[in-house]
Amino acid sequence: MEILKPAVAGTLESSDCMVTVEPGAGQIDLDLTSSVIRQFGPQIRKVIAETLDRLEVTDARVTVVDKGALDCTIKARVEAAVFRSNGIKQNIPWGGAIK
Amino acid sequence: MINAVGREIPDEILKLTGKEPFQGNHYKEGVPFRRYAPIIRPVMNNEHSKLVKDIHEALVRCKAHNGMTVSFHHHFREGDLVVNMVMEEIHKMGLKNITLAATSLGKAHDPLVPMIEDGTITSIQASGVRGKIGEAISHGKLKNLAIMRSHGGRVRSLVTGETKVDIAFIGAPTADEYGNLRGVGGKNNCGVLSFSHVDGDCAEYVVAITDTLVPFPNFPAHISMTKVDYVCVVDAIGIAEKIATGAAKPTTDQRKLMMAEYCTQVVVNTPYFKDGFSYQTGVGGASIASTISLTKIMEERGIKMGFGVGGLTKPMCDLLDKGLVRVLLDTQAFDVDAVTNVLNPAHHRITAGAYANPFNKGAFVNKLDYVILASLEVDVHFNCNVVVGSDGIITGAQGGHPDTAQGAKCTIVICPLLQGRIPAICSEVTTVTTPGESVDIVVTDYGVAVNPNRPDLLEALEKADCVPLKTIEQLRDEAYAITGVPNPVEFGDRIVGIIEARDGTIMDVVREIKD
Amino acid sequence: MNPALNPNKKRLRRSMMFLNAQKPGLIKDPYVYGPDSIMLDLEDAVAMKEKDAARYSLFHALREINYRGVERVVRINGLDSDMWEEDIRCSVAGGCDSIRIPKTETAEDVKRVEAVVEASELQYGREPGSVLIMAALESAKGVLNALEICEASPRLFGIALSGGDYTKDLQTVITGTGVELMGARQHMIIAARAAGVQCFDTVWTNLNDMEGFRKDVETIKAMGFDGKSIINPRQIPIVHDIYTPTQKEIIFAEKVVKEIDEKSAQGIGVFTVDGKMIDIAFYDGAKRTLMLAKAAGKYKGNL
């Protein structure tokens, strides 16, 4: 998917994360801050990268502010932000690109 | 060298501190020592005045100098103004290489960070540090090692002369001009002055700082004029509402209530729960809720407590008012109710030494049946960490944790399985403060684990069938299944602090955080 | 699978806890509180602008969080919205156990949902008939149609009263006395029992009045309700406490089940417990008593 317009999903509450996607400069640029970066930084990066990969997003600026979200929440917020940037709210590929 | 809790204590640290690695709780049992005594300057002249006009004069009279050690108590907690006030004056005088030996340091002392950076303060000894000072130490800004020691361990370090205090500053809610000090009767009351007794006994100079001068004699004195050199009156020693907060409202968080219920069930179904039992608990929501539900069962079964000890809160004082405990032994008052309850004749003040000093001929903690504690982390060896956050930054204090855990017959640690994404039950704690051999039962929201070295307690709880029993490894696995396995925090090579065991040996080291 | 025979239709549902599907902190481990069911909410709890985000959150929670046997119901958006069909697709694909229909008024409402559930099972490879349905009645019309709603689908395991909207429809308010809910409660439990499905009561929202809550639960238990919708985990122990049989009831139930099982096996049709004649009609009730006792940890037998 292309990132058509800037979009945000998630909150800064504990156990959540806020994901912002913006049109990129030819690749994925990830800016990650996390309250658990020392323990889970690599794992969080991996989950974000895999989620973007499934959604075939290859060109985006992605900003994630994490407050100790579990992997399932990180995926959900990335997906919500990407689909929002495309204005898609129906016929989501559950179990396909979303899994 | 690997110590008894499996922690590597580098030789250079052993050499630098002259200390031994931790070798088990009973290593120093019965080992004789001579108690340290300070130099005293007698006062016989009946016209001698102890009043000084300001802190500067006190410092001058006490011969403040580069490299000296100054001490403070933390009875004013986050409402403390005394430490900053004195350190500012020391800073203004341009003194360097000061050792700050406080009973504990908190966020109220954030303003001291620049003094750490400019070399005014080069050593810190405390139960622990919260806030910006903790961050500064973890980032390697303190020149020398920070020493974190328990309340009992601090008394030991003073009475053995390991720590020699040049000037002790005792913030006193009330004082007379001759240095009789009390924790009550003033504008900023803290109830008791338990932590400062040892300073009165062991410091070379003792300066009382008060904002409420009362007529002589300020009696009964909590700390006697016989120990005090000077009295300094200032505008305010603290901020009352931050010293003793209103009693915490009982928690409505079901998770805490569940842990409290498990804890209460553990207490009432283990063999020490009988008339005359002894008990200490903390100030966390679950601890307080547990005291409240325990009270109900005590009333139902007609069981009374022999003594309650430690930092006290309203629910413990309520026990006294209901006649459900014979005596309360108070080392610090956490809320306004506890501060005023000190006036009850069965509510006794005790010194931090009587409470927890392992080098006494016996301390109150040795007589505890139950202690209820909290912990930042507990590992599968039952080691607890209450000082260093899971992110590697110093953020807490030992307090009486290792003292009571060792002393009590049944040590219960309440700890939610997860703190956000951080598993609190883990394979190895970041830093060991209390050894697993002292910890008997861990209560989490996911179940209760009993230390395998206490088959008697396990059997009692299995028989009672009152809580979901799990092994500590099961709890750890459950936590990791939810969060993923955390990476160990990466530290730099430099050691910035040590966690001292009660007996003065080294429990663990704290390394500089890597950015 | 024939949905009517789905064993989960009759499972224990004393406590059904609402959780905002959009709040990670709430949905990550509600099972520690021990509710029988959680109701992951896409409807009222979720702000309009977060409806899309809530589904991703729901989907991954259903897929990845081990809810340890707690039933996972999803409350979808109303059939008058353009969201409910996507809600069902997301829930079924994620692996939910049941769908809760809000504002149900007719059997037709249930059938519309049933059709999308059925299609989704097919689309996402779920076993046909595995996803159950419950219907919330939130209006005078819905309450009056309770029986036809209960009988609308073999997937339907029960109906629940939703008191907030219902009392607005009646032009009254929740008073805390229960007087405004009397008719609906009585009518619904009768309809549910006539149709052989379960019946659940509305939420109690005043968390400062736990005594009132306790009385409310005692009332609906006495009326025959299977359980209560709840909004805070603090309410769970109270509900479970009230739904826990007494030791006397458990012992009696055990005797009834034993007696009827043994005598029936011998071909005897006359049953006595403690010297008194009992009839076969005692059997289901005694079984239910033992199930409730087991759930409360008060019965360790194998009947």
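Domain bounds here come from an automatic or database domain assignment. Before you click, note that this is a predicted model: local features need pLDDT of at least 70, side-chain atom pairs count only at pLDDT 80 or more, and totals for chains, interfaces and linings use all residues. To find your way, residues are numbered from 1 along each chain as its sequence is written, while chains are lettered from A and ligands numbered from 1 in the order in which they are written.

**Stop 1: chain C**

Select residues 3-242 of chain C for domain 1, then 247-295 for domain 2. The C-alpha centres of these two domains of chain C are 32 Å apart.

**Stop 2: where chain C meets chain A**

Now show chain A as well. Two residues count as in contact if their C-beta atoms, placed from the backbone, lie within 7 Å. By that rule, 18 residues of chain C and 21 residues of chain A take part in the contact. On the chain C side, colour α1 (24-27), α2 (51-64) and α3 (84-94), the elements that each give two or more residues. Helices (H or I, at least four residues) and strands (E, at least two) are DSSP runs, numbered from the N terminus. Which element of chain C gives the most to the side that touches chain A? It's α2(C), with nine residues.

The side of chain C that touches chain A has nine nonpolar, three polar and six charged residues.

**Stop 3: chain B and its two domains**

Hop over to chain B and pick 50-242 for domain 1 and 254-487 for domain 2. Their C-alpha centres lie 29 Å apart. Across the contact, 29 residues of domain 1 of chain B meet 32 residues of domain 2 of chain B. On the domain 1 side, α6(B) brings the largest share, five residues. By class, that side has ten nonpolar, 15 polar and four charged residues.

**Stop 4: one leucine**

Zoom in on B:Leu469, in the loop between α15 (455-464) and α16 (472-483) of chain B. Leaving out residues up to four places away in sequence, B:Leu469 touches B:Gly447, B:Val448, B:Val450, B:Leu461 and B:Glu462.

Note on methods: Nonpolar A, V, L, I, M, F, W, Y, C, P; charged D, E, K, R; others polar.
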